[in-house]
Amino acid sequence: METKTLKQLLKLIALILVLSYTIDKVVFFSLNTISDNVMSGQAIGKLNQFLKVKDTTNLLVFGNSRANHHIVVDKLNPNAYNMGINGIGIAYNSTLINTLNPKKKQTVIVHIDTKNFFNDAYDGSDIRGLKTKYNRIDKITSALNESGKISSLQNIFYTMNYNGSAVGILKNFIKPKYNHLSYNGYDPLVVSKSKTEVRDYMLKNDIAEKCTDNHKVNPTALAYLEKIESFTEESKNNKTFIFVTSPIHNDACAVDNKILADILNKKNLTFWDFTNLYKTNNDDTSLWKDKTHMSNLGAEKFTTHLLKKHQAYTSSLK
Amino acid sequence: MLFNSIEYLIFLPVVFIIYWLLKSNYKNQNILLLISSYVSYGWWDYRFLSLIVFSSFLDYYVGQKIESAHGDKNKKRWLLVSLCSNLGLLGVFKYYNFFAESFANTMSSVGWEVNALTLNIILPVGISFYTFQTLSYSIDIYRKEIKASKDIVGFFTFVSLFPQLVAGPIERASNLMPQIEGERKLNATLIKTGVFQIFIGLFRKVAIADNLGVYVDSVYGNYEIHNGSTLLVATVFYAFQIYFDFSGYSDIAIGSAKMFGFNFNRNFNLPYFSKTLTEFWRRWHMSLSFWLRDYLYISLGGNRKGIAITYRNLLLTMLLGGLWHGSSWNFVIWGGIHGLFLSLEKYTFSALKIKTFNAFGYLYTFIVVIVAWIFFRAPDFESAATIVSTIFSFDFGSLFLGDINKFVNAVLLLTIGVAIDLRLFKSKVSLEEFGVRFSTIRLTIIVSIIILLLCLFYSTTENFIYFQF
């Protein structure tokens with residue numbers, strides 16, 4: 001390589017490094033400023049709202065889309081927040097639970113899905129959903145570092161924290177999806193008339209999966225469960241933790257539910273398994289949106305049931 | 001080693017620095033390239049390196065034998081050794097299970113149950129690409145178009161050169177061997193065009209293709225519950241996903257090669273800006289389509305043996321081209337659709353005495369291509385047929401968006417990708433040469449913006465679609 005070419009190459013590399021680093025920081029800090037003011041949308045608004053209300057609410061619900069769509073938190077407590085989010089698992093929930101103030105009196109409902117818990121492939125990568133708070137909130141930063149789910153490049157290019165969410169943030173900044181002041185985190189699934197046919201077809205063809213022989217608990221999920229367990233110890237005088245599995249349309253395998261119940265019982269964690277609550281009532285498709293999600297009608301009915309159980313449980317504690 | 005991995009981000013500069021430190025001796029550079037290529041390939045599965053070594057050794061030896069053989073008969077005999085060995089390897093590793101399964105199914109349909117014949121065989125990455133590359137070398141020597149290489153390290157490097165080993169472009173010896181067997185130089189033009197192409201390729205693959213793939217996978221994974229409009233949008237997305245995935249891979253390969261002083265042939269030339277299917281195939285996966293034209297279509301007689309034979313040759317070439325992509329009847333059908341429409345085009349052009357279509361041809365070509373892509377993407381014939389019939393029932397309901405953020409990201413990135421292609425199309429300058437237009441400052445700004453877009457929109461898909469072929 002000629003000396004002239006080498007100089008050109010070094011100049012180009014140096015300029016790219018400096019400029020890309022500078023642009024990255026400018027955009028990152030701009031997105032920080034914008035995102036801190038976003039209170040709507042699943043990408044960041046819901047997380048921001050949670051961080052704002054987490055230590056002032058009486059009841060919190062954690063979990064995935066089934067928690068989000070199944071638990072009408074208003075029915076349980078007028079000052080409650082449902083932090084259920086689509087596609088996330090116990091890694092995400094455990095990290096958020098550990099950000100709670102242990103001294104605040106609260107009821108915490110953790111929605112757990114047995115199927116996810118016994119899934120070999122689960123690796124806790126849902127924790128990446130918290131990356132917008134990486135290097136901004138200590139407990140989230142240390143959980144992300146510990147998880148190994150953060151790219152080493154993320155310490156150079158900070159905008160990677162906003163990977164996949166920048167457009168959603170801008171959209172919700174310019175035009176909020178809803179008024180967060182009247183939002184409690186519960187999102188009802190209303191089945192429109194035109195969708196009922198597809199829904200009924202799916203439910204009619206819902207063949208229950210056979211039980212497999214593999215009922216080994218996923219070690220990653222177990223590790224995150226243990227982190228929740230540690231927090232329950234830390235906050236035991238102030239917080240009531242209830243682990244819940246909400247109904248599924250047609251679950252044929254009771255073995256995994258039993259194993260999970262045993263694990264939680266051994267840890268002295270309260271577990272209510274409602275998986276088969278409406279199984280005998282399978283003809284009433286109006287309760288469902290699909291095989292694993294209940295409609296708004298199903299959610300109302302289920303939450304009423306949950307409320308009764310919760311009231312009975314609270315009375316028994318007194 | 002994947003181009004979009006951290007490993008490659010470290011591997012490429014390390015090899016680059018050592019390579020140019022060895023600039024006084026190109027043979028030492030070749031040794032480095034050979035070792036690096038084997039390391040890069042072995043990163044995936046070192047056991048299959050033996051296949052590459054075998055294939056390289058075979059064609060190195062056979063190439064010399066073809067050249068030194070007396071008489072056409074003896075030359076042909078040596079060529080057959082290369083053809084049978086290379087195609088035999090490909091047949092065992094790629095097609096054995098497919099034909100065994102098809103045979104068992106056929107027998108079963110006539111009431112004769114055959115015991116399981118399939119074997120537990122892993123498909124070695126890149127076998128279709130390097131097999132075609134070594135085959136063309138031997139055929140070119142037989143055709144007296146090139147001389148056999150006497151430089152064993154150089155030849156082994158030609159077969160395994162890491163930027164193009166696992167998914168092409170399928171380089172011809174006539175283009176690459178002279179570059180390998182001579183001194184390479186790096187200049188400002190190669191640096192600018194190479195860097196620009198690497199980053200455009202990364203953007204095409206990691207940002208555009210992978211984001212489109214999220215929606216495509218969610219729809220094609222549950223195709224039976226989606227309406228015509230959703231399946232149509234998913235299929236259009238797939239058309240762009242596979243284009244940006246593979247052209248992005250090729251861009252990184254060609255750009256990386258430039259950093260080592262090599263000029264690879266183009267592999268894509270804005271294929272969706274084609275007015276005919278014939279033109280599409282001059283722009284899509286050019287290294288494969290020209291390979292099929294030169295070594296299969298022309299060997300079958302091309303268009304020199306009458307109209308009926310020409311159509312037969314076209315259809316056969318495309319059917320085999322489809323089968324090259326994978327051992328599934330869907331790929332054969334995909335090739336068959338292209339072969340059929342290429343034949344129809346040829347007939348139309350000759351009947352109407354025209355050379356191409358008007359602007360309407362863009363739409364016609366795109367429609368044929370996306371219908372064929374359904375067979376390429378769908379897991380089996382039944383699902384492909386269901387998707388085609390749902391789309392063509394024209395019963396379009398409301399569009400399924402899935403995760404709205406992901407959908408919006410995909411549309412935004414697709415728009416940027418198409419805008420870049422439109423700019424290239426209007427400028428009539430190829431992407432391979434486009435980078436030379438920029439000053440260092442302008443190139444820096446463009447690359448920095450691409451890095452920002454990659455940070456904001458990269459997707460974590462772990463493979464390139466064409467690695468499975």
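Me: Before we go on, what should I know about the model and the labels?

Reply: The model is predicted, so local features need pLDDT of at least 70 and side-chain atom pairs count only at pLDDT 80 or more, while totals for chains, interfaces and linings use all residues. Residues are numbered from 1 along each chain as its sequence is written, chains are lettered from A and ligands numbered from 1 in the order in which they are written, and side-chain values use heavy atoms, with hydrogens and water left out.

Me: OK. How many helices and strands does chain B have?

Reply: Chain B has 18 helices and zero strands. Those are DSSP runs numbered from the N terminus: helices are H or I with at least four residues, strands are E with at least two. The radius of gyration of chain B is 23 Å, close to the 23 Å from the globule rule for 469 residues, so chain B is as compact as a globular protein of that length. That radius is taken over C-alpha atoms, and the rule is 2.2 Å times the number of residues to the power 0.38.

Me: And how much of chain B is buried?

Reply: 57% of its 469 residues. Buried means under 20% relative accessible area, exposed over 50%, and partly exposed in between (1.4 Å probe, protein chains only).

Me: Switching to aromatics: how many pairs are there over all chains?

Reply: 66 aromatic pairs. Rings of Phe, Tyr and Trp (its six-membered ring) pair if their centres lie within 6.5 Å; planes under 30 degrees apart count as stacked, over 60 as edge-to-face and the rest as tilted. One of the pairs is B:Tyr137 with B:Phe155, which is tilted at 45 degrees between the planes and 4.4 Å centre to centre. That pair links distant parts of the chain, 18 residues apart: B:Tyr137 is in helix α5 (residues 127-142) and B:Phe155 in helix α6 (residues 152-160) of chain B. B:Tyr137 and B:Phe155 are buried.

Me: Why is the pair of B:Tyr243 and B:Trp284 called tilted?

Reply: Because the planes of B:Tyr243 and B:Trp284 are at 40 degrees, with ring centres 6.3 Å apart. B:Trp284 counts as buried at 0% relative accessibility, and B:Tyr243 does at 2%.

Me: Now the backbone. What is the phi of B:Lys144?

Reply: Near 60 degrees, a positive value in a residue other than glycine. Most residues other than glycine have a negative phi. B:Lys144 lies in the loop between α5 and α6 of chain B.

Me: Is B:Lys144 buried or exposed?

Reply: Exposed, with a relative accessible area of 66%. B:Leu270 also has a positive phi, of about 50 degrees, but B:Leu270 counts as buried at 9% relative accessibility.

Me: Last one: which residues point which way in β2(A)?

Reply: A:Tyr81 and A:Met83 point one way, A:Ala80, A:Asn82 and A:Gly84 the other, and all are buried. Strand β2 of chain A covers residues 80-84, and five of the five are buried, so the strand is largely enclosed by the rest of the structure.
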